[in-house]
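Student: I would like a close look at one part of this fold. Please take me through it step by step.

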Amino acid sequence: MSKVAVAVKLKIKAGQRDAFSEAVKPGLATAQGESGTLTYIFHHDGMDENVVWFYELYADQAAFQAHMGS
């Protein structure tokens with residue numbers, strides 16, 4: 001089976017980047033520990049302080065679907 005890659009760009013409310021970053025920490029730890037999740041990375045955009053990114057790589061479609069259901 002093929003791996004599944006996802007790149008997510010989120011525009012967040014102005015001035016809320018730090019609060020958003022703190023709020024997603026528990027979910028990041030959970031996602032990184034899911035079976036079939038190969039990579040789950042969160043970072044701030046270097047050009048726009050109101051944009052954050054998630055980069056995700058899953059072993060297969062089933063692992064991606066499992067993550068989406070968690």
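Student: How many bridges join β2 to strand β3, and which way do the two strands run?

Tutor: This is a predicted model. In it, seven bridges join β2 to β3, and the two strands run antiparallel. Strand β3 covers residues 51-58. The pair makes a hairpin, with six residues between β2 and β3. Two of its bridge partners can be named. His43 is partnered by Trp53 of β3. His44 has Val52 of β3 as its bridge partner. In general, strands of a sheet pair through backbone hydrogen bonds, either parallel or antiparallel.

Now place the hairpin in its sheet. The sheet is open and has three strands, in the order β1-β3-β2. Its pairing is antiparallel. β1 (4-11) and β2 (37-44) are the edge strands, each pairing on one side only. On average, neighbouring strands of this sheet are turned by 10 degrees against each other, direction ignored.

Next come the helices. Helix α1 spans residues 17-32 and lies across β1, β2 and β3. Against β2, helix α1 runs at about 175 degrees. Helix α2, residues 61-68, also packs on the sheet. Helix α2 touches β1, β2 and β3. The direction of α2 makes about 135 degrees with that of β3.

Back to the hairpin, then. Strand β2 is an edge strand, joined to β3 by seven bridges.

Methods. Residues are numbered from 1 along each chain as its sequence is written. This is a predicted model: local features need pLDDT of at least 70, side-chain atom pairs count only at pLDDT 80 or more; totals for chains, interfaces and linings use all residues. Side-chain values use heavy atoms; hydrogens and water are left out. Two strands pair if DSSP finds at least two bridges between them. Helices (H or I, at least four residues) and strands (E, at least two) are DSSP runs, numbered from the N terminus. Axes are lines fitted to C-alpha atoms, for helices over the stretch in contact, and angles run from 0 to 180 degrees between N-to-C directions. Contact means heavy atoms within 4.5 Å.
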